[in-house]
Each structure stands twice: as C-alpha cells, then as structure tokens.
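Thanks for coming, everyone. Let me put one chain on the screen and walk you through it.

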Amino acid sequence: AAKSNVMQTNNLFGTSPTALLTGISEFRMIDDYMFAVNASQNSQQSSTLLVSFSRGPFKPAQLPADSNGKKLFEREYYIADASEGQVFLAVNHATNSTNIYISESKGHRFSLSLERALYHNPRSGTSPSWYNRYVPFRLLDFERIAALRGVYIATQLESGLVGRRHLRTVVTFDKGGEWNYVSPPLVDVHNTPVTCFLPGCSLHLAQQWSHYNPYSRAEAIFSSQQAPGLIV
C-alpha cells in the first residue's frame, strides 16, 4: 500500500507544516479520535493501529491475546463505530477471521466483544472472488441503532469450515458487553405458527452483505433518530 505523511499546521499553512506522522497507509478522524494505520510491508508481520484521543499523542492500540495467551496477527483494521465515547474496532486476523473489539474511553486499550464478524475487503481476499464484482469496497455487517444508546446489530459467522458457515444476526443492548441471537416471532404475517426456537434457530436481519448480494438483494435494516425503538 502507498505510504503518506500526516502534516500539522497552526496557521492554515502560512508557514511550513510539521510532520505529525510519517509512513502511514490510512488516516481517519472521527469526533475526538484520530486513527492512523501503519501497514506492514511484510506479510509475516502485523500492522499497527495508532490512536489519538482529544488531539493528544498517538499511541498503539492494545488488543488482548487469545484464550491461549497468544497475540493474534493483526492484518488490517476497520473502524466500525466511534460514538458514545468508545470505539468499536474490527480487526482482520486472517483471510477468514475477523473479530470486533470495544475500547475504553480514550480508544487505546481494547477488549474482545464479538468473534467471527462478517467483514469484506475486495483487496485482501476476505470474501469469495465473485462477490468482489458487486461490492468493490470494504464493508462490515455492523449497525448502530439510532436513538437507542448501546444497541447494535451485527452478522456473525457460525463456527465450522470456511464456505459452509451460516450467517446469524446477533444483537447487543449493552454496547458489546453481551451479544445474543434475535428471537423469532411466534407467528408469521398469515398468523401461521413459526417453527423456530432459540438457540438452534433465530431471526436473521438483512444488512449490507445481503443488500449487495446479487442472490438476495434484500433491503438492509434501517433506524431513525426520530423513531426510537423502531427498526425497519
């Protein structure tokens, strides 16, 4: 990936700017946070995410080790959300392995929130090659529900063989502290009983993946600040 420098000026470039960061492959500002990615040129070496809070110094994001105490490989990053004073960060650890992490208020230390999140990047082979033709950009099946603080909906891949894993909708009401499957209705629109019971069967809500998928073309879920509690 091409490298860039992030420059800083205090007088609208009236004088020569100073370099804030050098050798950066991605840079983004969201509210009080600034994010910069130093992508490794070595496929065997992890990339690094730098985070600045309230225009303070940049610090490397600290992610937890796995259940065996081993540090996971960090392939690429995707800022899922940076509202409500915390950061939801998706980290792609391998071609078919992406987890979502939640930070403390300054965005420097992260803890695991959701494993096996549905993430797509046409440039890094995270999805089937045919899907890249329809979605030539990155996406994460992750949605903040407007007007309801701490409520998010995501799509999770089930455990199992790659290519044979089912997609399941999960929801959190405490900003990633706990995720649960969505309970199905008791009856359908024709008042016919629905034979679907947790945990083996749950309601699936279409998000971006299903919306752009040519085999489904489903409308993605929608929420509005003016209609608290209503999801279309």
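First, a term: two strands pair if DSSP finds at least two bridges between them. Helices (H or I, at least four residues) and strands (E, at least two) are DSSP runs, numbered from the N terminus. This is a predicted model, where local features need pLDDT of at least 70, side-chain atom pairs count only at pLDDT 80 or more, and totals for chains, interfaces and linings use all residues. Residues are numbered from 1 along each chain as its sequence is written, and side-chain values use heavy atoms, with hydrogens and water left out.

Now the overall picture. The protein chain has two helices and 16 strands. Its C-alpha atoms fill a box of roughly 70 × 40 × 40 Å along the principal axes. Of its 232 residues, 39% count as buried. Buried means under 20% relative accessible area, exposed over 50%, and partly exposed in between, with a 1.4 Å probe and protein chains only.

On to contacts, meaning heavy atoms within 4.5 Å. Take those between residues at least 6 apart in sequence: 40% join residues at least 24 apart.

Which strands form it, and in what order? Four strands make an open sheet, ordered 13-14-15-16, with antiparallel pairing. Strand 13 (142–144) and strand 16 (180–181) are the edges, and each pairs on one side only. Inside the sheet, strand 14 (residues 152–157) meets strand 15 (residues 167–172) over six bridges, in the antiparallel sense. Leu-157 stands opposite Leu-167 in strand 15. As a reminder, strands of a sheet pair through backbone hydrogen bonds, either parallel or antiparallel.

Follow the chain past strand 16. Gly-200 lies in the loop between that strand and helix 2 (208–212). Is Gly-200 buried or exposed? It is exposed, because its relative accessible area is 68%. Gly-200 is 31 residues from Thr-169 in sequence, and the two are 13 Å apart in space, C-alpha to C-alpha.

Last stop, the cysteines. A disulfide here is a pair of cysteine sulfur atoms within 2.5 Å. By that rule, the count is one. Cys-196 is joined to Cys-201, S to S 1.9 Å. The link is left-handed, with -105° about the S-S bond. How do its two ends sit? Cys-196 counts as buried, because its relative accessibility is 10%. Cys-201 is at 28%, so it is partly exposed.

That's the tour. Questions, please.
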